[in-house]
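Please look at the sequence and the 3D structure shown here before reading on. The paragraphs that follow go from the overall layout to single residues.

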Amino acid sequence: MKVIAVGDRETIKSLASLGAVSIVVKNSVEMYEVLQKVAEQEDVGLILLSEKFSHKIRNEIKNFMLKHPLPAIVEIPYRPQSTTHVNDISEAYLKEVRRR
């Protein structure tokens, strides 16, 4: 299963270093469009969304998740001052999801 990371360049760069497929978007509208397209792919197990844009479309994401239980969708906190944007997601977890 693939892990897809969608969001701003800073956050996505960190996730790509852990092996996630990276998709950089410029705004929340573009993020939601990408989410809809990526979720249709059968080999995607996890979609990580940068909170920088996802917070603006949180209701749409929740509704989407109710209709589409898979793949799993997780928001990643946006911390522009932090050197690590993925503190809450371990490399081991991402590797396990990709293996499935």
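Two residues are said to be in contact when heavy atoms of theirs lie within 4.5 Å. Among the contacts in the protein between residues at least 6 apart in sequence, 65% join residues that are at least 24 apart. The model is a predicted one, in which local features need pLDDT of at least 70 and side-chain atom pairs count only at pLDDT 80 or more, while totals for chains, interfaces and linings use all residues. Residues are numbered from 1 along each chain as its sequence is written, and side-chain values use heavy atoms, with hydrogens and water left out.

Helices (H or I, at least four residues) and strands (E, at least two) are taken from DSSP runs and numbered from the N terminus. A residue is called buried under 20% relative accessible area and exposed over 50%, with partly exposed in between (1.4 Å probe, protein chains only); of the 100 residues of the protein, 38% count as buried.

Two strands are said to pair if DSSP finds at least two bridges between them. E1 pairs with E3 in the parallel sense over five bridges, and within this pairing Val6 stands opposite Leu49 in E3. E1 also pairs with E2, again in the parallel sense, over four bridges; Ile4 has Val21 of E2 as its bridge partner, and Gly7 has Val24 of E2.

Together, E1, H1 and E2 make a right-handed β-α-β unit, where right-handed describes a path from the first strand over the helix to the second that runs clockwise when the strands point away from the viewer. Which residues of helix H1 (residues 9-16) are buried? They are Thr11, Ile12, Ser14 and Leu15. These residues lie on the same side of H1, because they cover an arc of only 155 degrees around the axis, the arc being that of the directions from the helix axis to the C-beta atoms. On the other side of H1, Arg9 and Lys13 are exposed. The buried residues of H1 pack against E1, strand E2 (21-24), E3 and strand E4 (72-76).

The nonpolar interior comes next. A nonpolar core is a set of buried Ala, Val, Leu, Ile, Met, Phe, Trp, Tyr and Cys residues joined through side-chain atoms within 4.5 Å. The largest such core has 16 residues, of which Val6, Met31, Leu35, Ile47, Leu49 and Ile73 touch the most other members. Strand E1 (2-7), helix H2 (28-39), E3 and helix H4 (58-67) each supply at least two residues of this core, and the largest share, five residues, comes from H2. A second, separate core of eight residues includes Val3, Ala20, Leu46 and Ile76. Val6, not counting residues up to four places away in sequence, touches Ile12, Ile23, Val25, Met31, Val34, Ile47, Leu48, Leu49 and Ser50.

Ser50 lies in strand E3 (residues 44-50) and is buried, with a relative accessible area of 1%. Its side chain makes a polar contact with the side chain of Asp8 (2.3 Å); a polar contact is a pair of N or O atoms within 3.5 Å, where within protein one must be able to donate a hydrogen and the other to accept it, and residues adjacent in sequence count only if both atoms are side-chain atoms. Leaving aside neighbours within four places in sequence, Ser50 is in contact with Val6, Gly7, Asp8, Thr11, Met31, Ile76 and Tyr78.

Another serine, Ser54, is found in helix H3 (residues 51-54) and counts as buried, at 0% relative accessibility. Apart from neighbours within four places in sequence, Ser54 is in contact with Met31, Leu49, Ile61 and Glu75. Ser54 and Ile76 are 22 residues apart along the chain, and their C-alpha atoms are separated by 8.9 Å. Finally, in the loop between H4 and E4 one finds Pro71, which a cis peptide bond joins to Leu70, with omega about 0 degrees.
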